[in-house]
Amino acid sequence: MFNMELVAFCLYLVFMVGIGVFFFVRSKEGGEKEYFLGGRSMGPWVSALSAGASDMSAWVLMGLPASIYAAGIGQIWIAIGLGIGYALSWIFEAPRLRRYSIAANDSITIPQYLTNRFLSKNRSLQVICAGIFLVAYTIYAASSIKACGTLFNTVLGIDAKIAMYIAVVIIVGYTFLGGFSAVCWTDFFQGLLMLGALMIAPIFALALINSGDAVVTTAQTFPKGYWNLFTDWRDVVSGLGWGLGYFGMPHIIIRFMSVRSDKDLKRSAKIGITWTWLILIFSVAAGIIGYIFLGKIEDSSVVFITMVRKIFPALVSGILLSSILSAAMSTADSQLLASASAFASDVYNPIIRKNKASDKEMLWSGRFVVLAVAVVAVLIASNPSSGTIMGLVENAWGVFGAAFGPVIMLSLFWRRFNFQGAVAGILAGAVVDIAWLALLKDLGIYEIIPGFVAGLIFAIVVSLLTKKPSEEVTTIFDKVAVGEIDETVEADGRVS
């Protein structure tokens with residue numbers, strides 16, 4: 001059993017590296033826009049599944065089923081909040097952001113977009129954003145790397161630290177070589193695998209339950225309160241608050257900017273929203289059905305792994321469990337690339353090199369950051385006191401949502417918004433989020449909520465107290481608002 005599961009894992013990893021090599025050979029001459037944004041040439045299926053896969057890290061196969069399994073459906077509010085937030089971001093944020101990033105001097109990163117949105121030559125906003133990116137993404141990537149270690153240790157018995165190092169080498173390999181296109185295409189296949197595994201395992205388990213193989217047979221054998229949806233108002237509010245993170249999650253919303261056209265974006269929205277809701281529904285189902293099928297197990301975090309290994313033969317279980325690996329890798333690669341693009345495009349070239357860096361120099365500075373962030377992330381992940389996978393995700397998600405969510409949405413929908421308001425909103429959101437986590441976490445309210453509210457208030461108040469944006473800035477806003485910017489990126493890279 002050990003050998004066949006290992007074979008399945010190895011084949012999967014070789015396939016991922018192969019994608020990186022393919023895009024490295026194909027796009028050597030593409031420059032930074034190709035490396036960091038795929039030349040704005042992503043189709044609807046790749047964009048949608050890449051956005052979803054980069055979002056749904058290993059917690060959706062380990063953390064959420066474990067929470068439902070151990071504590072009941074009262075934990076479902078996180079899934080509901082994420083489902084609502086993700087749908088709203090595709091419907092309202094994606095079309096405007098894609099058009100505005102083109103209008104804002106063809107911006108290829110979120111910090112670059114925010115600076116160009118106000119036609120500012122002040123680089124402070126880019127530096128602040130890049131600094132938050134590097135810190136938060138390092139923590140976020142650590143959670144994905146830690147999940148890889150847990151998977152290999154549980155399934156194959158490999159030392160968790162060694163497994164983390166192996167995973168990092170693979171992730172860095174294809175991200176380092178192929179850039180955004182490699183990340184998106186690997187995420188596309190990983191998204192398909194995640195959905196397939198989450199659908200197949202509960203359905204097969206349910207079939208076995210119906211044939212009399214269930215450990216839990218009556219409602220009375222469930223823990224008291226297991227089916228109570230409304231356990232604590234703070235759980236409800238905090239769960240729904242997770243949805244706020246989507247409006248400011250750079251590695252997800254960057255996918256909105258990479259789509260070929262508004263027409264493709266509409267198709268991407270339908271695909272992406274459907275995929276995400278299916279993932280969340282079957283993740284919850286895995287926890288509930290896992291409890292009925294397995295009964296009480298010692299470690300709830302491995303309920304999905306245990307269920308798959310009990311149902312399927314070794315080779316099949318290896319393929320299905322690769323979905324956990326794919327979930328972790330699809331999130332980590334996006335975070336590494338977002339960190340690299342933030343440093344290369346927003347700090348290295350405009351500030352350190354005074355806009356004199358060549359395309360080749362930009363690419364290698366970005367690749368260096370990919371390597372550096374990965375090294376620090378694996379050191380955090382391998383530290384026993386670094387916290388749980390879900391805890392690391394929660395912390396990074398909160399900072400990004402609070403710092404960037406209000407500012408991104410105001411930049412897209414408020415004509416009076418200005419540069420000073422954007423800086424104030426980002427700083428206030430990040431500071432309040434971190435302070436709440438450090439000092440007021442025991443209140444039971446997820447820190448993204450007070451952080452988001454603070455960022456929104458500061459951004460609005462400071463904008464109203466400072467100078468109005470110039471006529472040139474508002475003219476661009478008006479063109480975007482009425483849909484005059486609707487360029488399509490052709491296969492050869494031309495904009496029509």
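**Close-up views of a predicted model**

View 1. S143 is placed in helix α7 (residues 124–156); helices are DSSP runs of H or I with at least four residues, numbered from the N terminus. The model is predicted: local features need pLDDT of at least 70 and side-chain atom pairs pLDDT 80 or more, whereas totals for chains, interfaces and linings use all residues. Residues are numbered from 1 along each chain as its sequence is written, and side-chain values use heavy atoms, without hydrogens or water. S143 counts as buried because its relative accessibility is 1% (buried: under 20% relative accessible area, 1.4 Å probe, protein chains only). Leaving aside neighbours within four places in sequence, S143 is in contact (heavy atoms within 4.5 Å) with I389, L392 and V393.

**View 2. The F118–F419 aromatic pair.** The search of the whole structure finds 21 aromatic pairs (ring centres of Phe, Tyr or Trp, the latter by its six-membered ring, within 6.5 Å; planes under 30 degrees apart are stacked, over 60 edge-to-face, the rest tilted). The F118 and F419 rings are edge-to-face, because their planes stand at 90°, with centres 6.3 Å apart. F118 is in the loop between α6 (110–117) and α7, and F419 is in helix α16 (residues 419–439), 301 residues apart. Both residues are buried.

**View 3. The F133–F404 aromatic pair.** F133 and F404 form an edge-to-face pair, 5.3 Å centre to centre and with 80° between the planes. Since F133 lies in helix α7 and F404 in helix α15 (residues 389–413), the pair ties together parts 271 residues apart in sequence. F133 and F404 are buried.

Terms used:
Helices (H or I, at least four residues) and strands (E, at least two) are DSSP runs, numbered from the N terminus. Buried means under 20% relative accessible area, exposed over 50%, partly exposed in between (1.4 Å probe, protein chains only).
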